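This report describes one protein model for a reader who has not seen it before. The sequence and structure come first, and the description follows.

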Amino acid sequence: MTSQRALRCWLRHLAGREDGRAGAPTAAEWGEIAGLAELHNLRPLTYRRVTDGPFAASIPSEVAEGLRSAYLETAVRNALILKHSARAITALAAAGIEAIPLKGLHLCRFVYPEPALRGMADVDLLLRRDRLAEAERIFVEQGFGPLPRPDLDEFCGWSNHLAKLIKQGEPVYELHWHVERPLSSFEIDLDGLWARSAPAELEGAPVRTLAAEDLFHHVALHGAYHHSFQRSAFRMIVDLHAILAACGASFDWPALVERANAWGTGRYLYVALRVTGSVLELELPMDVLGELEHGREEEQVAGQAHDFLLGLGAEVPDAYLALARTTGLWERGKHILRHTFPARPEMERIYGLAPGAWLAPRYVARLGHLIATRTGLLLSSLTGREVRRAAVDRESARRLIEDWTGSRPGPPGD
């Protein structure tokens with residue numbers, strides 16, 4: 001389980017507020033910070049922040065190298081995605097089809113200081129609804145599939161983008177006609193998004209980019225409503241912070257509030273802002289929070305979402321949750337032995353061993369590692385109270401947030 005000290009240190013680095021006064025993390029805490037960064041897909045940004053931070057000299061070499069490798073891998077991957085995306089956007093532009101990069105593509109290229117600091121799962125492009133069919137045909141003619149394609153009108157009746165477009169050696173593309181699903185409980189002024197967008201270039205390809213306030217609104221809505229704070233939520237709050245940092249005093253808070261209240265999304269934006277401020281310990285304009293439509297329920301959800309997010313850093317492995325549910329010495333003993341010394345197929349899978357490899361050294365090393373790192377968790381699992389309470393509290397928070405949104409989290413990468 002992650003210590004609160006490691007979690008707080010990591011969050012201060014993400015927010016760019018680590019000044020060194022709390023003291024350098026221990027080697028074990030650096031390992032926990034690296035684990036948090038991996039869990040939340042924030043290793044490249046974590047690498048940049050900690051190596052530029054006041055404790056850089058204290059980072060264990062294996063931790064620094066692991067973070068650096070993730071940073072370099074993301075840099076290479078994003079460079080390729082940007083190159084391929086520019087080619088695809090140029091093909092669309094040749095047919096007179098305008099495109100607005102959404103989410104990761106916009107953020108990595110136009111918001112973060114370096115493209116490597118923000119990973120992305122696929123390429124999201126917003127197109128005008130009446131050009132979707134032509135755009136899809138352009139991709140299909142270039143070898144994208146799968147084929148046959150779903151009926152466009154039927155698919156768009158429930159989805160805000162077409163079925164994924166996939167081709168070997170290329171990024172996965174999602175062609176959006178809207179920024180949120182058509183069955184959502186609010187109505188976004190899509191024409192306004194296009195009217196406020198500005199011309200730009202993405203690796204030489206002509207694009208339009210959302211206004212900063214619209215980008216902020218979309219990112220907040222996507223994390224709070226679309227994914228109910230359950231998928232890449234830490235990345236959402238870091239993205240929101242990055243947008244504000246990039247805009248500075250030019251960010252138009254009154255316009256954001258006016259649009260959110262007019263569209264019926266004020267309550268989601270309010271919770272996203274509250275959680276971002278509380279988790280990263282940022283000062284947000286109180287008049288903005290006060291003017292966004294919200295009620296007592298949003299106050300409750302904001303608190304639950306805050307606890308839910310911070311609880312992600314202390315996830316209890318399934319084996320320990322199962323142990324907490326067992327009764328009797330015999331049953332508990334069998335459970336501990338089975339998970340401490342797994343059968344050969346499981347050991348080969350866990351450690352990537354060749355079939356028939358000698359397992360004795362691995363078993364000894366595994367036992368030593370578990371004693372050193374999991375003794376406290378084992379004892380709390382045997383008593384059951386702390387582990388059960390954490391699991392029950394997290395499940396209760398998850399259900400409360402989902403009930404509040406009236407939505408189930410979207411699929412990965414969505």
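Thr 276 lies in helix α12 (residues 266-280); helices (H or I, at least four residues) and strands (E, at least two) are DSSP runs, numbered from the N terminus. The model is predicted, so local features need pLDDT of at least 70 and side-chain atom pairs count only at pLDDT 80 or more, while totals for chains, interfaces and linings use all residues. Residues are numbered from 1 along each chain as its sequence is written, and side-chain values use heavy atoms, with hydrogens and water left out.

Thr 276 counts as buried because its relative accessibility is 4%; buried means under 20% relative accessible area, exposed over 50%, partly exposed in between (1.4 Å probe, protein chains only). Leaving aside neighbours within four places in sequence, Thr 276 is in contact with Ile 237, Leu 240, Glu 281 and Leu 282, where contact means heavy atoms within 4.5 Å.

The protein has 19 helices and five strands. Three strands form an open sheet of mixed pairing, in the order β1-β2-β3. β1 and β3 stand at the edges with a single partner strand each, so one side of each has no neighbour in the sheet. Two strands pair if DSSP finds at least two bridges between them.

| Pair | Sense | Bridges | Residues opposite each other |
|---|---|---|---|
| β1 (residues 100-101) and β2 | antiparallel | two bridges | Ile 100 and Leu 126 |
| β2 and β3 (residues 173-176) | parallel | four bridges | Leu 126 and His 176 |

In a regular strand the side chains alternate between the two faces of the sheet. Strand β2 (residues 123-126) is covered on both faces: Val 123 and Leu 125 are buried on one side, Asp 124 and Leu 126 on the other.

In the largest nonpolar core, which has 82 residues, Trp 10, Leu 11, Phe 216, Phe 229, Phe 234 and Leu 273 touch the most other members. A nonpolar core is a set of buried Ala, Val, Leu, Ile, Met, Phe, Trp, Tyr and Cys residues joined through side-chain atoms within 4.5 Å. Not counting residues up to four places away in sequence, Leu 11 touches Phe 234, Val 279, Leu 280 and Leu 310. A second, separate core of 29 residues includes Ala 99, Leu 105, Leu 127 and Cys 156.

Of the 414 residues in the protein, 50% are buried. Among contacts between residues at least 6 apart in sequence, 71% join residues at least 24 apart.
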